Amino acid sequence: MDGELPLVGGSGGAGRKEGPVQCLGRSFPSEEARRAWYRERLARHLAEPAFRAQPGFPKADDATILRLSDPPWFTACPNPFLEEFVAHFGRPYDPAEPYDVQPFADDVAEGKTDALYKAHNYHTKVPPKAIVPFILAYTKPGDIVLDGFCGSGMTGVAAGLCGTAPQAYRQEVEARFRRLGRPAPEWGARRAIMSDLSPAAAFIAANSTTPFDLETFAIRAKQILAEVEAELGWMYRTRHLHKGKPTEEFGRIEYTVWSQVFRCPTCTGEIVFTDVALDKVTGRVHEAFNCPHCTTRLTKAELDVQTTTEIDQATDESWTHVKFTPHLIVYSHRGRDHSKSPDEEDLAVLKRIAEMPLPPELPTDAFPIEEMSHGSRLAPKGVTHIHHLFLPRPRHVLAAMWRRASAETDGRLRNMLIYLVEQAIWGMSLLNRYSPTHYSQTNRILNGVYYVASQSSEVNFRYILDGKLKSIKSAFSHAGTLDGASTEVTTCSSLRAPTNSLDYIFTDPPFGENIYYADMNLMVETWHRAMTTVEQETIVDSGKEKTIDDYRDMMAACFAEYFRVLKPGRWITVVFHNSYNAVWNAIQEAMGRAGFVVASVLTLDKKQRSYRQETSHTVKNDLVINAYKPSPAMLSRFDRAKGSPDSVWTFIEEQLRHAPRFAELGSRLETAAERTPLRLFDRMVSFHLVQGAPIPLSRGEFLEELAQRYPLEDGMHFLDEDQLRAYRAERNARGVPAQAELFINDERSAILWLHHQLEHEPRTIDQLYNPYKAAAQTWPAKEQDLELRELLRFNFVEYKGDRPVPEKLMRLLRATRPAFLPLDPNDPETRSLALGHWYVPDPADQAEIERAREEHLWGEFQQYRGASRKRFSKARREAVRVGFSHLLGEGKAEEILAIAKRLPEETVQEDEQITILYDTARTLAGEL
């Protein structure tokens, strides 16, 4: 097919395609001719200053970028061929094209044992088989999928699997779709555009999704490993012991355990940590142990660090670092494993290696310690440069493998060989912890941090790469794995794709300060000689002075680019992994500022392997966020209606058109939170705030008119009778949905919980008290405490016996009283029975309650205005929201910013609407 690359070697051993090839509508006599033509075009772009000035351009010279790139499919810089890719494969946006897809949720934690997932290590990734159902649900064969935070490229792998997945997996997915009441998926490969700021990540993504000659790769990889062993295998020879005595035979070292050396604080004697702390039987480390010299009982925290000083071969300066010594050698001899303590011969070999000049391929770049949040882990141990993390033997072996892989003349094969070799970098560093209780010592790194443990396992390069080569062959030998999955991969922080051109976005962006990707990628990028432009990295990082405000602003810019390139009416799915409320709120607010509207938020409960709807502001599990890009027609109607109630109903119609009819929680159905009255009100308010539009209706007025405009059933509103009939038919087929399980985390969730409790059954405060306490989780430390009675007073109605008993209470009394006892709403006894019951007000009464509530909250907000105290330890978010809204309406942006400085940071950062108001004030004040 035009534009497709040859399949990787399958079980039949398909090799590199010979003869003419087609690429983006052009014909070439061979693959090499195609590469040469596009590389020459890329070189011309690199010569343009404006091209290199693009945000996120990696720190690399032209030669490095050209060597890494395989254009047009992959460029180690902004990809100048994206527009051609979209023009060739994409379909122009057509407003008349029918597209009606309900939000989808699937288990993003599955499939981590899949061969494709394990083909290459990266800090975080979503398994491709977990992404496939999303792509199938939202797209059709040939559609273009985007992931702008692609990491190791699993979205691209998933796009290909949509066309080449094995039959058993297809049946599994189809059964899941049937169970969820969804139309059968249309199998067939989708195209993928992937982008990442990190050259290391983009390199992995490209090689995970671009076809190559598997048989030739495997042959050449084995040759490289054999050549390095022939050259440097002497470094891994150790004399075999028989019954504790040396023999004339040698074994191959599989790994060497290095132990940190400390000093006893009592006698100052040297202590080899592994000697005294490791239990040889259980493999566990003792919390306390005796000094071998003076027998003082000690813990690790009480030991003094032993350092050693030498001349750094790279800097020619004095280098002081913690002392490590070889403690144990595990080797193989005649097919059996043995272990021994290093003898004099082993130590002599290590000394000889240490005296060898550093190989030129070994990176010697300095770590930016002062700008690294993990710098405090490295510098105290004397690790200030990349090469400090490698003992002498790995330095030479890694360099020898890198040298040979880089010398390959075939560009596609060269990148795959480097793809293999680079997977030994982390595992052969001092970061590889010794884990005697594990079967293998491969890649025992503490994920996401630079942590040099007191026991390190220095493994033989073949110990890692023999197995990794088998993994790669297994991952890519499935016939058709990459067939029809043409992808474009780019290294940048912005896209060059046309506006309104892409069909779906699946993305797993960096979340706050979970992982410092640029810092962690230095380990590999310095070998490539292509580094991330950290100024563009979207994270929270105190070491680089990047705050939560910076993160939210940069994330908003990213989502704005997502919004620009996505076709109207289409979907974006965001997978969220973070337990910090401020980061979760930043993501929501950034999506809203970009123009997206959230239609579904579900949380993955990893313990129960199920989903729950996100109904509060506390995040404890992974989230799946589904949002849509509103249609131009809707946005045009909204703009014309700004300032009038029509803007409210313009938004609500669009939201009800996109909101799910059910919350699909595995085998369990729940009512869809996005269709409930209070959630619709919150979404409406947030959308108006983001659009800079006044909110023309109070909550009471909104709820009253909502009930009149849109049919209500099972606590959910529907767009019209046709949508309601479709819901009823689905409900009849699948069962009545349960009420969403709610928890109380703050005032807003408390009001929502009470609304659910009182909507169908009025209760007294005594009846509510115990369930309320049981549902209440930890109240935010910085949130003002509220009594249950106050929450009821300003949001619900209490029957006080001063009027006939309302019908809501009469229904309750009739259900609880014997049928032979007549009840009259005007009778004093009936009124007495109803006394003290709280209930949800009728829409007609809601407006008056809302006015009283807002006046009360505005009064409470006055304590924050002109207060003499510098900071408030607690604040009431509902009052702040009302206050900021009033001040913004009066044009008092500077006062909002002044008050925000005195409020707890959590108050501003963990509430979506407060954050929107705050950022609007920043914009008006010229801070954004």
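Student: How many cavities does a search of the whole structure find?

Tutor: A cavity is a set of points, on a 1 Å grid over the protein atoms alone, where a 1.4 Å probe fits but cannot get out. In this structure, the search finds 6 cavities of 30 Å³ or more. The structure is a predicted model, in which local features need pLDDT of at least 70 and side-chain atom pairs count only at pLDDT 80 or more, while totals for chains, interfaces and linings use all residues. Residues are numbered from 1 along each chain as its sequence is written, and side-chain values use heavy atoms, with hydrogens and water left out.

Student: What volume has the largest cavity, and which residues lie nearest its centre?

Tutor: A volume is the space filled by probe spheres set on the grid points, which are joined across faces, edges and corners; lining residues have an atom within 4 Å of a point. The largest cavity has a volume of about 150 Å³. Its lining comprises 14 residues, and nearest the centre lie Gly-592, Phe-596, Val-597, Ser-686 and Glu-912.

Student: Which elements supply at least two residues of that lining, and what is its make-up by class?

Tutor: Helices (H or I, at least four residues) and strands (E, at least two) are DSSP runs, numbered from the N terminus. Here α19 (581–594), β20 (597–605) and α22 (677–690) each supply at least two lining residues, and α22 gives the most, with 4 residues. For the classes, Ala, Val, Leu, Ile, Met, Phe, Trp, Tyr, Cys and Pro count as nonpolar, Asp, Glu, Lys and Arg as charged, and the others, Gly among them, as polar. On that basis the lining of the largest cavity has 7 nonpolar, 5 polar and 2 charged residues.

Student: How much space lies in the second largest cavity?

Tutor: The second largest cavity holds about 80 Å³ of space. It is lined by 13 residues, of which Thr-676, Pro-677, Gly-715, His-756 and Glu-759 are closest to its centre. Two or more lining residues come from each of α22 and α25 (747–758). By class, this lining has 4 nonpolar, 6 polar and 3 charged residues.

Student: How many salt bridges does the count come to?

Tutor: A salt bridge is a side-chain nitrogen of Lys or Arg within 4 Å of a carboxyl oxygen of Asp or Glu. By this rule there are 71 salt bridges. In one of them, Arg-552 pairs with Asp-919, their closest N and O atoms being 2.8 Å apart. This pair links distant parts of the chain, with Arg-552 in helix α18 (residues 548–565) and Asp-919 in helix α34 (residues 912–924), 367 residues apart.

Student: Are Arg-552 and Asp-919 buried or exposed?

Tutor: Buried means under 20% relative accessible area, exposed over 50%, and partly exposed in between (1.4 Å probe, protein chains only). Both Arg-552 and Asp-919 are buried. Another salt bridge joins Arg-876 and Glu-860 (3.1 Å, N to O), and both of these residues are buried as well. Salt bridges that share partners also join Asp-682, Arg-699, Arg-748, Glu-850, Arg-853, Glu-878, Arg-881 and Asp-911 into one network.

Student: What is the mean pLDDT of the protein chain?

Tutor: pLDDT is the predictor's confidence in each residue, from 0 to 100. The chain has a mean pLDDT of 88, and 92% of its residues reach 70 or more. Among its elements, helix α14 (residues 392–406) has the highest mean (98) and strand β21 (residues 610–613) the lowest (45). Over residues 605–613 the pLDDT stays under 50, and the model has 31 contacts (heavy atoms within 4.5 Å) for this stretch beyond four places in sequence. Where pLDDT is low, the predicted coordinates should not be read in detail.

Technical notes: 1 Å grid on protein atoms, 1.4 Å probe; cavity = no way out; pocket = protein on both sides within 12 Å on 5 of 7 lines; lining within 4 Å.
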